[in-house]
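User: I've got this model open and I'd like a close look at one helix-to-helix contact, then a walk through whatever surrounds it. Could you take me through it slowly?

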Amino acid sequence: MVFNSVDFIVFIIPVFLLYWLVFSKSSVYQNLFLLVVSLFFYAWADWKFLALLVASTLINFYLGLKIHKSPDDRKRSIFLYTGVIFNVGLLLYFKYFNFFYEGFYEILNVFGASSNYSTLSILLPLGISFFTFQTLGYLIDVFNEEIEPNSNLLEFSVFVTFFPKILSGPIERAASFIPQIQDKRKLSYDVCVDGFRQILWGLFAKVVIAENCAEFANLIFDNYENNPGSVLLMGTFFYAIQLYADFSGYSNMAIGVSKLFGIQLMRNFSTPFFSTNISDFWRKWHISLTTWMMDYVFTPLSFILRRHQKKGLIISIIVTFILVGFWHGANWTFVVYGLLHGIYFVPLVYSGRMNTEQIVAKGKWFPSIKEIFKMLILFVLIMLTDVFFRVDSVKTGIDYMNRIFSTSIIDAPSAIYGNTTIITIMLIGIFIAVEWINREKKHDFEISDYNIYLRWASYIFIFVLILFFGRSSETFIYFQF
């Protein structure tokens, strides 16, 4: 039941009405209703692993209480390590077992100790990378006494299973989410309208931008051996836009849907392509994952390696981004993807500019020539690195890159010239222009300060684009993670 499906519309309308008309008497009623709805939503998507989600919720709830109530640090540590082993163990088994299993047998084959093997048919539970990171972060925060453990099983269960975020995030923190559901939510017209705006923009990003880009990206990547470098370069462009529009579209819809129920999820993308360095890019790209990795991996690792100064900082960054890449899937391509992003930080570390954060051309309509140049260079770098996010093997990725930078890169990309290409590029231009205009606001389609006529003209314009240029899709890219 994806957000851009008829099934979801049929689902969300009665849920919204029941939530505010029947179950709005108290926070308990609201939370109980959200829990039932969320479990139903997850079961609809992946009923085979509903029991796993419930078990994970109960075990982490219990461990959080035990960490807090244990009288000495040794016992507290035991319960924390138990939680780490449990949550990481779920990921290692369901997501990475075959990866390590195959690697083990390949090593044996090198030494002639084994010949044949077969992988196990392990299904990947939807959303496991997201809800395990949520609960793991919760246990660490409780252990570090940054938050009090939640002793209300109903509230904690809603935190873990809340349906807008369960399948692909954002990865929420208990400190920001749980206080919102402890009191009765009140219906706010302005919040709901803003939620619908975000849903509309997310839908546009997904079905118009991402899906139209996917038509070209899939065609080019699936037949890259028969295309010149110029076409392959355009394929990387379309895939980079597709990846961003797909996931930011999902995140905007998830955040917008959540607003309909009086709950604010964290922003997951903040116009990352308007960044001028890699550090700023990762502050704006998949923010919930980046901040999680920074808090729970980079910070403790950099503290351990602090005596090595800049070298220790570089090691911490590279290790963190290798894990960021590997979080996305059990494939060496994701390791390479993360490694490359970690390496891109090295010049910033040595120049002392790693912590610079800025909004390009703040308060201005247009960026400077220098800012344009920096944004373009960074975008091309990100675009080329995304090749390893898209391909099935490192060998294919290297071959793809070699073909881009061959003499055929100067060939005219006639294979994808046509009206459809021009229309798609024009749609991308509209997408980028709207994000540029709203880059200093709370989200990409925050137009509440416009007059009523301009707002409605914007709604109608986006709706017409969806109607005429939207393409159907049954999934989102990040569902596989």
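Analyst: Let's begin with handedness: α8 and α19 cross in a left-handed way, a label used when the near helix is turned anticlockwise from the far one by less than a right angle, with clockwise being right-handed. Helices here are DSSP runs (H or I, at least four residues), numbered from the N terminus.

Before going on, a caution: this is a predicted model, where local features need pLDDT of at least 70 and side-chain atom pairs count only at pLDDT 80 or more, while totals for chains, interfaces and linings use all residues. Residues are numbered from 1 along each chain as its sequence is written, and side-chain values use heavy atoms, leaving out hydrogens and water.

Back to the pair. Helix α8 covers residues 189–222 and α19 covers residues 452–469; they pack at about 35 degrees with axes 10 Å apart. Those axes are lines fitted to C-alpha atoms over the stretch in contact, and the angles run from 0 to 180 degrees between N-to-C directions. On the α8 side, the residues taking part include Val193, Leu200, Trp201, Phe204 and Asn212. They meet Arg455, Tyr459, Ile462, Leu465, Ile466 and Phe469 of α19, where contact means heavy atoms within 4.5 Å. By type, the residues of this contact split into 12 nonpolar, one polar and two charged. For that count, Ala, Val, Leu, Ile, Met, Phe, Trp, Tyr, Cys and Pro are nonpolar, Asp, Glu, Lys and Arg are charged, and the others, Gly among them, are polar.

Now the nonpolar core, meaning a set of buried Ala, Val, Leu, Ile, Met, Phe, Trp, Tyr and Cys residues joined through side-chain atoms within 4.5 Å. Buried is under 20% relative accessible area, exposed is over 50%, and partly exposed is in between (1.4 Å probe, protein chains only). The largest core has 141 residues, and Phe163, Ile209 and Trp285 have the most contacts inside it. Leaving aside residues up to four places away in sequence, Trp285 touches a group that includes Leu243, Phe269, Pro272, Tyr337 and Tyr478. Another core, of five residues, lies apart from it, with Phe274, Val360, Ala361 and Met375 among them.

Met375 also turns up among the buried residues of α15, along with Leu378, Phe379, Ile382, Met383, Leu384 and Thr385. Those buried residues pack against α9, α10, α13, α16, α17 and α18. Over in α17 sits Lys395, which counts as exposed because its relative accessible area is 72%. Lys395 and Trp332 are 63 residues apart in sequence, yet 9.9 Å apart in space, C-alpha to C-alpha.

His286, in the loop between α10 and α11, has a positive phi of about 40 degrees although it is not a glycine. His286 counts as buried because its relative accessibility is 0%. Gln309 belongs to α12 and has a positive phi too, about 55 degrees, again without being a glycine. At 65% relative accessibility, Gln309 counts as exposed. Finally, Gly169 and Pro170 are joined by a cis peptide bond, with omega about 5 degrees, and Pro170 lies in the loop between α6 and α7.

Definitions and conventions. Helices (H or I, at least four residues) and strands (E, at least two) are DSSP runs, numbered from the N terminus.
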